[in-house]
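Subject: Structure for you to look at

Hello,

Here is the structure I promised to pass on. Please open it first, then read my notes below.

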Amino acid sequence: MHDQDALIDLLARCALKDQQALKQLYERLSPYLNRVAFNIVRSDDLSNEVLQEAFVQIWNNAGDYRPDKSKPITWLTSITRYRALDRLAKEKRHSENRSENIELDSVHAENSSPEDKAVHGQQQGDLLACMKTLNERARTCITMAYIQGYSRDDLANKFNTNVNTIKSWLHRGSKRLKECLDQKTQIA
Amino acid sequence: MSGSENANSLNNDSAAFEYVVGTLRGKARTDFEALMRQNESLRFQVSEWEERLMNLNTTELTRTPTKDNWSAIENRINTTAQSSHQSKPGLLARLFWLPWLLTGVMTVLLMFNSTLFQTDQENGIGKLPIDYMAVMTTNDGKAALSAVASGDARRMWLRWEDNRLEADQDFQLWAVSRSDGEIRSISVIANSDTEVLELSEAEWRLVKDADSLLLTVEDEGGSPIDEPSDNLVAKGLCVRLTRTDRDV
């Protein structure tokens, strides 16, 4: 777990163009963020490049980060994921690599370790519980897209169906997930 | 809410979800990003999904980047900064011929030159714990002024975006009290060249108690009635960064 206050502090310093702060941020988070990028682009060369693009963006946009709107780790992860998705679109090599036997993070969210669940706490517990209420296809589609960067076309190939069906699964999955998470938020 | 508004809201939520999950690609993704820039509620939906789905990530799983990757990042950052420096004479030349661009150009120079970094070193901000941060934004969500404050230094560091003043005007920074909701002045600021504010004990207490900070434009010398004018430039929540109470 990365101490939230410490990350906010480092982002504030980055906003003031303190390069040492960016370096500290990099030292703390680059192995995790590189993993996030690697899961999507499936190449060490590309994930390293994505990481470079992400940290340049973090440096340039640190002043836009709002601690009251999102957790720092979410902001940083989102930047990295979006840059990885951009790179994927640029390389147009995603589909070809689908069959490669590369070690990726599990697409089954329920397989997360108890330690990891403890780290993310209640919110992760809620998400995992809500994911379990989805049917297996929707759940797998969401996690494969989010963790591994599968497109609708990739998913349609994987499930031997058409893109509209995938859109429908994602749409219904998101609706069900939102209802479940909203309900849990209200109870809390 | 009408039926069509309901449908739009549902479509937006579904699009926000697909944007975050990553299945919105190509032109649909670009169009959605353009829409998001103008639609605060859409931005909120995206942030909400980002926060929720973030829990699918496992922060303990790592993959070490190559050893030279940090150097590559440093090079890219410093190259950008250097090219900004090289563009200075051109901008200064324009400044000479187009004096009415003075304020804007100075702001651009401020944004890109290394003064802020020098300030960090000269004032020792890099070694000090930052206690509070506020990013003040305009009505349309653009950052106008970022401020960080350190209790140990009794200082506030400022980073300005594009802000203009008439010759007979000053900026004034205000704190909205968390305790009683009153608005009190922290400082009158002559112009956006000001990068550091020395805080008195009383001013530091205002920062500590602030729910949010406001930046207004006032007549030269500051508000004569000690209340903010209607000319509000920007506002932003004042966020405490450290857990330890630094009440020294």
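The largest nonpolar core has 68 residues. A nonpolar core here is a set of buried Ala, Val, Leu, Ile, Met, Phe, Trp, Tyr and Cys residues joined through C-beta atoms within 7 Å. A residue is buried if 20 or more other C-beta atoms lie within 10 Å of its own, exposed if 12 or fewer, and partly exposed in between, with C-beta atoms placed from the backbone. The members that touch the most others are A:Leu11, A:Cys14, A:Ala37, B:Ala147, B:Val148, B:Val207 and B:Leu213. Helix α2(A) gives the most to this core, 12 residues. Helices (H or I, at least four residues) and strands (E, at least two) are DSSP runs, numbered from the N terminus.

Take A:Ala37. Leaving aside residues up to four places away in sequence, A:Ala37 touches A:Ser47, A:Val50, A:Leu51, A:Thr80 and A:Ala84. Two residues are in contact if their C-beta atoms, placed from the backbone, lie within 7 Å. Another core, of 29 residues, lies apart from the largest one. Its members include B:Ala15, B:Phe17, B:Val21 and B:Val46.

A word on the model. This is a predicted model, in which local features need pLDDT of at least 70, side-chain atom pairs count only at pLDDT 80 or more, and totals for chains, interfaces and linings use all residues. Residues are numbered from 1 along each chain as its sequence is written, while chains are lettered from A and ligands numbered from 1 in the order in which they are written.

Among the elements of chain A, α3(A) has the highest mean pLDDT, 96. Helix α5 (residues 94-97) of chain A has the lowest, 51. Over residues 107-113 of chain A, pLDDT is below 50. That stretch still has 16 contacts in the model beyond near neighbours in sequence.

Next, the contact between the chains. Chain A gives 63 residues and chain B gives 50 residues. On the chain A side, the elements that give two or more residues are α1 (4-15), α2 (19-41), α3 (44-61), α4 (72-91), α6 (114-132), α7 (136-148) and α9 (163-187). The largest share comes from α2(A), with 10 residues. By class, the side of chain A that touches chain B has 26 nonpolar, 20 polar and 17 charged residues. Ala, Val, Leu, Ile, Met, Phe, Trp, Tyr, Cys and Pro count as nonpolar, Asp, Glu, Lys and Arg as charged, and the others, Gly among them, as polar.

Now chain B. Its secondary structure comes to 8 helices and 8 strands. Of its 248 residues, 31% count as buried. Helix α3 (residues 40-53) of chain B has 14 residues. From first C-alpha to last, α3(B) reaches 20 Å, close to the 20 Å expected at 1.5 Å a residue; the expected span is 1.5 Å times one less than the number of residues. The buried residues of α3(B) are B:Gln45, B:Val46, B:Trp49, B:Glu50, B:Arg52 and B:Leu53.

Look at β3(B) too. Of its 6 residues, 5 are buried. Strands β2(B) and β3(B) pair in the antiparallel sense over 6 bridges. Two strands pair if DSSP finds at least two bridges between them. B:Met156 in β3(B) is the bridge partner of B:Ala149, and B:Met156 also stands opposite B:Leu197 in β6(B). Strand β6 (residues 196-198) of chain B runs antiparallel to β3(B), joined by 3 bridges.

The hairpin of β2(B) and β3(B) has 4 residues between the strands. There B:Arg154 has a positive phi of about 50° although it is not a glycine. B:Arg154 counts as partly exposed because it has 16 C-beta neighbours inside 10 Å.

Where does chain A show a positive phi in a residue other than glycine? A:Asn160 does, with phi near 55°. A:Asn160 lies in the loop between α8 (152-158) and α9 of chain A. A:Asn160 has 6 C-beta neighbours inside 10 Å, so it counts as exposed.

Best wishes

Terms used: pLDDT = per-residue confidence, 0-100.
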